[in-house]
Amino acid sequence: MFSITALRSFVALSISLATAIRGQEWSVYAESPGLNAAVPFSSSVLSTFKEPWSRESYGLPTFAAAPPLRCIGVDSETPYDVAVLGSPFDTTTSYRPGARFGPNGIRQGSRRIHIASVNINMKSRIADDLDVVDCGDVPMVYTDNKVALRQLEAANKMILDHTSLRTYEGKSIAKDGKFHPRVLTLGGDHTITWPLLRGVSEIYGPVSVIHFDSHLDTKKPGSMPNSPWNPGEEIPVSHGSYFYFAHKEGLLAPDNKNIHVGIRSAMTSWGDYVNDYEVGFVVSHAEEMEEIGWRGVVKKIRDTVGDNPVYITLDIDAIDPGSAPATGTPEIGGITTREIKKIMQGLVGLKVVGADIVEVAPGYDAQSELTQIVAANIGWDILALMAKSPLVE
Ligand SMILES: [Mn+2]
């Protein structure tokens with residue numbers, strides 16, 4: 001039988017434990033006369049908003065509980081180290097659309113991870129090393145791709161042009177010698193990487209791209225034999241050709257110091273590989289996960305990018321559709337979630353100047369939110385990579 005006294009002591013113990021665990025934030029609750037739901041939103045609590053949202057809160061779904069910030073609006077002078085930026089855009093897809101809801105979906109999938117939790121795999125607690133904020137989504141029009149991509153480019157540039165909250169011993173790798181915030185963009189279809197690369201290359205010069213994908217995405221515009229098109233009309237950028245344009249602009253590191261990881265899709269022709277090499281990549285096929293293992297793949301990546309500034313772009317279709325079905329162009333035989341975590345671990349120390357996770361189309365996800373959870377956890381590992389590698393020479 002459960003006595004009232006025993007129940008009282010159990011409650012008292014629970015409260016003191018909770019107070020000890022949750023610290024100051026909980027004490028605001030405890031001192032309130034009764035439960036006051038307004039307390040977490042009061043100015044006294046919000047004034048400490050540099051701290052992540054509490055673990056217990058399932059309120060506003062920011063990425064990994066990073067505090068929300070109007071980075072491009074009224075809070076544009078508030079300094080931080082990493083901006084999470086949503087890019088709701090999917091009108092250059094070749095097959096199933098829906099990635100415009102990716103930013104929202106990845107945030108939703110991130111509710112159980114936290115920038116203040118210890119990432120055991122990466123041996124990092126992100127919040128110790130970086131002030132991460134969630135800037136929300138860039139307003140992007142759905143009626144004109146060129147305008148939409150310019151809107152993203154402008155927003156990204158406004159963030160990058162700031163100096164970061166933290167500075168470090170040693171010389172910054174940025175061309176101006178200053179320390180700038182880094183951006184983790186949540187896409188969006190893969191074309192968004194083009195304007196994002198314009199942003200980082202302006203700050204750091206051409207970057208080595210580590211591109212996780214099942215497709216090359218370097219297609220030469222014009223080679224669209226299976227697509228209806230009027231002869232003579234300009235063929236615009238798509239999520240299969242943006243790297244071609246980025247290469248033409250000199251945004252990619254020269255001498256084939258860029259790498260695809262996870263490639264396994266059908267090609268239009270063997271010539272796709274010739275074109276891909278000219279664009280500046282080397283290829284690691286998905287089957288290499290079996291042939292040389294994640295250690296071999298990590299070595300190949302590190303040998304390729306060397307000491308260059310690195311931009312990581314991860315198409316969720318790099319991951320096997322068994323673990324990440326909610327994407328526009330799924331391909332079987334992909335990377336497992338365990339392999340991608342080992343690869344991320346193997347990239348510690350690289351100078352990651354920016355990153356994106358793209359092609360998450362939540363409308364095709366399972367009720368379990370599986371793809372969104374996978375994408376969110378990879379984003380958490382990428383933030384840990386940034387936390388472990390200050391951008392110093
Ligand atoms: Mn892609």
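**Asking how we know**

Tutor: Welcome! This predicted model shows a protein chain with 13 helices and 8 strands. Of its 393 residues, 47% count as buried.

Student: What makes Asp-255 count as exposed?

Tutor: Asp-255 has 10 C-beta neighbours inside 10 Å. The cut-off for exposed is 12 or fewer, so Asp-255 counts as exposed. You can find Asp-255 in the loop between α8 (242-248) and β5 (258-263). Its phi is near 65°, a positive value in a residue other than glycine.

Student: And why is Glu-369 called partly exposed?

Tutor: Around Glu-369 there are 17 other C-beta atoms within 10 Å. Exposed needs 12 or fewer and buried needs 20 or more, so Glu-369 falls in between and is partly exposed. Glu-369 sits in the loop between β8 (351-358) and α13, and has a positive phi near 60°.

Student: How do you know that α13 is mostly covered?

Tutor: Of the 19 residues in α13, 17 are buried. Being buried takes 20 or more other C-beta atoms within 10 Å, so those 17 residues reach that cut-off.

Student: Which residues have the most contacts inside the largest nonpolar core?

Tutor: Ala-83 and Leu-383 do, in a core of 101 residues. Helix α13 (residues 370-388) gives the most to this core, with 12 residues.

Student: What makes Cys-71 a contact of Ala-83?

Tutor: Contact requires C-beta atoms within 7 Å, and Ala-83 is in contact with residues including Cys-71, Val-133 and Ile-159.

Key:
Residues numbered from 1 in each chain as written. Predicted model: local features only at pLDDT ≥ 70, side-chain atom pairs only at ≥ 80, totals over all residues. Helix = DSSP H or I, 4+ residues; strand = E, 2+ residues; numbered from the N terminus. Core = buried A, V, L, I, M, F, W, Y, C linked by C-beta atoms within 7 Å. Contact = placed C-beta atoms within 7 Å. Lists of a residue's contacts leave out its neighbours within four places in sequence.
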